[in-house]
Amino acid sequence: MPSSPRVVPTVTMLLIAFATLSTCLPSVMPAAQEGPRPEDTGHAATEATQQQKQPETQQAPAPNEPGAPLPEQQSPEAPAATPPTEATGKQRSTVVRGTRPAQSAAEVTLGRDILDTAPRMNATDVLRVVPGLVASQHSGEGKAQQLFLRGFDALHGQDVELNVGGLPVNEVSHIHALGYADTNFIIPELVQSLEVTEGSYRAFQGDFAVAGTVRMDLGAREKGVEFAGTLGQFNTRRLVVTVRPGEDPGTFAAAEIGESDGFGPQRGYGRATLLAQADLDLGHGLSARILGGSYVTRFDSPGVVREDDLEAGRRTFYSGSFDRQGGTVSRHQLLIGVDLPREGTARTRLEAFGIRSDLRLRNNFTGYRVDDRGDGLEQTHDGSTLGLRAEHRRQVTLFDRPVALELGLGGRRDGIHQTQHRYRETDGTFFAGEVDADITQTDVWGYAEARLPVGRWAFRLGGRADALGVEVFDALAFRDPRYYDGQGYSRSAFGVHWGAKAGVEYALTDTWALFASYGDGFRSPQARSLAEGEQAPFVNVHGAELGTRKDGERLSIQASAFGSQVSDDFFFDHTVGTTVFTGETLRTGISASLQARPLEGVTAALSATVANATVTKTDAKLPYFAPLVARADIGWEKPLPGIGSVLSLGTGLTLIGPRPLPYDEHSHTVFLADVQAALRRGALALRLDVKNLLNTRWRDGEFVYSSRFDPTAQPSLVPARHFTAGAPRVASLTLEVHL
């Protein structure tokens, strides 16, 4: 579809922005070298010295997740994010709280100023800013995103550990996919920062931290009450109300209600979310944090379109397949954390959390290939999670040198009931039951990590142990219609994963360092796949990285070469429910990212990752991984004193190279451009968001497998290409009222 003439000025503006940025970057290098570094790398001062420098009255509030340092350990040299120029007298805080000092080349923190540069209407938009990460939403607005990172097709979360405000998101032994991580409960306006640790090199990284860990810190932007109402194409309506009673952005309550008909058949949804958090000073050096929330959604799913049906005119690009697809989700969560009084250099935090979630999902990706009644699957997953964890940090002296110690203990118990049934396409009734299981899965872990600076060198050594116990009752196991004297099977398994972590860094200057990192990661198994008494197997990952990073107030750069060896690997084609075991696999690649603030009001985050994924034995490429991912988020803010307003312009650009598919096929290249423009005057702000500005006809998901969507056609096992359509150009207008 041809682009509108109105697109031309906007594209020109984007090109000018890129040219301006390219011109300005060289000029800021000396300034960046002279400025303070944003993270403590331990090159010139120990953490004990830094704690002495930091006044107690300037302690950061408690961070919102277990991987962040305790408040007093935040680097005092970290520059505060510059708030936007105010035309209203109200400060738009951009506070990054408790950022862990980077100890590998690929660790990066993305603050509110970067998140505000491009449209962020849902969790998918938030995740796309992570360097090298692809978040695909190909099955409706309520299903967990499919993730790709560092050569891994992480499906719905099995290779990327996700954490929101201290609450784990990945679900163990999920009926739909291992590590299922549904982030749709997140209100994008509350994401204060993203802390990204790519690779598996740090001791705090746990289950599913194979390709990396993404942690989201939550906070409200402004003091007071904020209303944001959005109207958009396809009958999209959204309302967000945020209340922040005081100066601390970590104390807030917010609610979101949204619904839409979607951009094509079977894409409608409705959802509601409540999130609230309180940071409490209990006196006598004791502080607490409470985070709670509830979320519910009902959504439709379009299914897939066969390429040959599209070419023959039997289907359109945005067609749906079967109208029974979609689902419902709810999630309820609570976290309570306490920071104990300080004792010298020792800091201790205790946290307890509970999560209750359920999913009912219907999909049919193969039509009538398996059964003339239809191949539709209805899956249900009801899970409850209870967990405890403790972190302790302190300084000790070894060989007359300060050593920073980090210790952690924790446990998590998941209780799960899951089912899977086949249903008829004609009336939706069940005709076969395939899964009816109850699972109890317990993970108990402990880790330790030490960092020793020696002149310009610093050495890091750590380890982690996870003990996994599983109990399964499978009500349908060994069911035989010829006999009626027995049904169901109980079994249990236990295993331990031991992982080593190590790193070396060398400081070239106070802001520029070289890094070498090593780490063992793991992925827990699907509980129903384990046999009685089996030593619970883990997918083991051995990762290494060589890289460099340069930190500065106006310019930060990271670059690295990485490799990950996975033993006993597999990939799961969720469209047909088939797991393919591949043996040992290898991922290699290079990545680079940049954050720049070259001029007042200009913010940019650029990243690119090139990766390769192969089966070691055959050197064959693994399917579906993303070999090339590039992302640019650029924002510009300008005060307009003549009218007492602030003008903001921004863009988010995404490039995804062709991905290998089964049977030597490749996906299409994807390029997307999202833009936004906002004008704020006093308590009122008006923002225009346009996603897919160029109206690119792109495929969000592409697959190759056999199917039969016409029940009158002859069955065939010949593989065919299928796709799910990405959204066309979508515009929305948001009115904000700040009181």
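Student: Is Arg271 buried or exposed, and at what relative accessibility?

Tutor: In this predicted model, local features need pLDDT of at least 70 and side-chain atom pairs count only at pLDDT 80 or more, while totals for chains, interfaces and linings use all residues. Residues are numbered from 1 along each chain as its sequence is written, and side-chain values use heavy atoms, with hydrogens and water left out. Buried means under 20% relative accessible area, exposed over 50%, and partly exposed in between (1.4 Å probe, protein chains only). Arg271 therefore counts as buried, at a relative accessibility of 8%.

Student: Which residue forms a salt bridge with Glu226, and how far apart are the closest N and O atoms?

Tutor: Both residues of this pair are buried. The partner is Arg221, and the closest N and O atoms are apart by 2.3 Å.

Student: How many salt bridges does the structure hold, and how many residues apart are Arg597 and Asp113?

Tutor: The structure holds 44 salt bridges. In one of them, the side chains of Arg597 and Asp113 meet at 2.8 Å, N to O. Arg597 counts as partly exposed because its relative accessibility is 25%, whereas Asp113, at 16%, counts as buried. Arg597 is in the loop between strand 25 (578-596) and strand 26 (602-615) and Asp113 in helix 3 (residues 112-115), so the pair links distant parts of the chain, with a separation of 484 residues.

Student: Where does Thr603 lie, and which residues is Thr603 in contact with?

Tutor: Thr603 lies in strand 26 and counts as buried, at 12% relative accessibility. Contact means heavy atoms within 4.5 Å. Leaving aside neighbours within four places in sequence, the contacts of Thr603 are Asp113, Ile114, Thr117, Ala596, Arg597, Asp633, Ile634 and Gly635.

Student: In which sense do strand 17 and strand 18 pair, and over how many bridges?

Tutor: Two strands pair if DSSP finds at least two bridges between them. Glu378, for example, has His421 in strand 18 as its bridge partner. The hairpin of strand 17 and strand 18 has two residues between the strands, and Phe399 there takes a positive phi near 55 degrees. Strand 17 (residues 376-398) and strand 18 (residues 401-423) pair in the antiparallel sense, over 23 bridges.

Student: How many residues stand between strand 18 and strand 19 in their hairpin?

Tutor: Strand 18 and strand 19 (residues 430-454) pair in the antiparallel sense over 20 bridges, and Arg422 has Ala432 in strand 19 as its bridge partner. In the turn, Gly428 has a positive phi of about 80 degrees. The number of residues between the two strands is six.

Definitions and conventions
Helices (H or I, at least four residues) and strands (E, at least two) are DSSP runs, numbered from the N terminus. A salt bridge is a side-chain nitrogen of Lys or Arg within 4 Å of a carboxyl oxygen of Asp or Glu.
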